[in-house]
Amino acid sequence: MAWLDSGEAHGSIAERWPEIQRAWALHLRQALGPAYEISELGSTLLVSTLPARQRDMLLTFVEKSQQRISRLLHGIARRANGALTLVFVFEDQETYYRYVSRYYPDCGEFALSGGMHINDGCSHFVTARADLTLIEPVIVHELTHAQVTHLPIPAWLNEGLAVNSERRLTPTPAEFTPAEFHAMHAAYWSPETIQDFWSGQAFHASGEENRLAYDLGQLLTAQLSQDWDAFTAFANEATMADSGHAAALAHFDLDLGEAVRLMFDARPDEGWSPRPASWGQLSNA
């Protein structure tokens with residue numbers, strides 16, 4: 001970025017950015033070791049240790065998935081013009097966690113991760129080497145995140161869009177039945193615990209809270225998106241500041257807290273709605 005700002009680079013940022021992405025990928029590949037190779041197809045650049053056939057299959061899958069996500073989330077998703085989609089498939093879980101640890105706080109307990117979209121400096125996403133059928137849902141999930149980074153949406157909507165895309169494009173068996181999930185949700189969420197969901201903290205937790213947050217985000221997103229025109233307007237206006245509450249009132253005439261309360265047949269209580277004023281206290285707990 002300093003080079004671009006210096007005026008020494010000829011051309012616009014959009015023209016030079018793919019060169020910078022390739023240079024960084026080369027630097028990372030050298031740091032990872034000689035087993036890693038760089039491959040490209042269309043607008044996708046892959047750094048991995050995968051055999052040639054698997055590399056080709058993965059690159060083709062990423063290219064097609066980007067097109068499918070754009071169609072699936074028409075009016076919401078946006079691909080970066082001119083930029084490459086950078087995919088890093090690390091050889092093992094140890095290397096993967098060593099890399100992503102740079103993007104976590106120095107201490108704390110965190111949920112296990114199968115992949116991550118990192119929108120810091122140079123947008124890219126990472127996963128660990130596995131059977132391609134295991135990697136594909138991670139790729140769709142993270143590509144969805146990459147295509148909505150231009151929107152300041154709350155975590156529940158961001159993850160809800162990603163999980164719905166993942167389930168639509170790479171169907172996988174559910175961990176629990178709908179009835180089992182419903183019972184778990186009804187037992188866990190309350191006017192107090194739901195604030196972790198609205199603030200986004202539940203998505204960084206471990207164990208049951210994390211699992212239920214992802215499922216609730218998917219359920220709420222699926223419910224709201226039945227009216228696609230209203231949902232598109234909502235998604236383009238929803239913000240992290242109030243977890244999309246004002247946008248939901250404007251486009252659905254819906255109180256988000258009431259929607260969740262009714263979803264789990266909970267007793268009437270005004271405390272279910274997003275309460276941003278309490279989130280600072282929660283983050284220090």
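How many bridges join β2 to β3, and do those strands run parallel or antiparallel? Four bridges, and they run parallel. Quick housekeeping: this is a predicted model, so local features need pLDDT of at least 70, side-chain atom pairs count only at pLDDT 80 or more, and totals for chains, interfaces and linings use all residues. Residues are numbered from 1 along each chain as its sequence is written, and side-chain values use heavy atoms, with hydrogens and water left out.

Okay, the sheet. It's open, with five strands in the order β1-β2-β3-β5-β4 and mixed pairing. Strands here are DSSP E runs of at least two residues, helices are H or I runs of at least four, and both are numbered from the N terminus. Two strands pair if DSSP finds at least two bridges between them. At the edges you've got β1 (37-41) and β4 (115-118), each with a single partner strand, so one side of each has no neighbour in the sheet. From one strand to the next, the twist averages 20°; for angles, axes are lines fitted to C-alpha atoms, for helices over the stretch in contact, and values run from 0 to 180 degrees between N-to-C directions.

β1 pairs with β2 in the antiparallel sense over five bridges, and I38 has V47 as its bridge partner in β2. The two strands form a hairpin with two residues between them, and G42 in that turn has a positive phi of about 60°.

Now β2. Five of its five residues are buried, so β2 is largely enclosed by the rest of the structure. Buried means under 20% relative accessible area, exposed is over 50%, and partly exposed is in between, using a 1.4 Å probe and protein chains only. T44, L46 and S48 point one way, L45 and V47 the other. Over in β3, L45 has L86 as its bridge partner, while T44 stands opposite T85.

β3 has both faces covered: T85, V87 and V89 are buried on one side, and L86, F88 and F90 on the other. Moving on, β3 runs parallel to β5, joined by four bridges, with F88 partnering V126. Then β5 (124-128) goes antiparallel to β4, again over four bridges, and H117 stands opposite F125.

Last, the helices. α3 (52-72) packs on the sheet, touching β1, β2 and β3, and its direction makes about 145° with that of β2; contact means heavy atoms within 4.5 Å. α4 (93-100) lies across β3, β4 and β5, at about 150° to β5.
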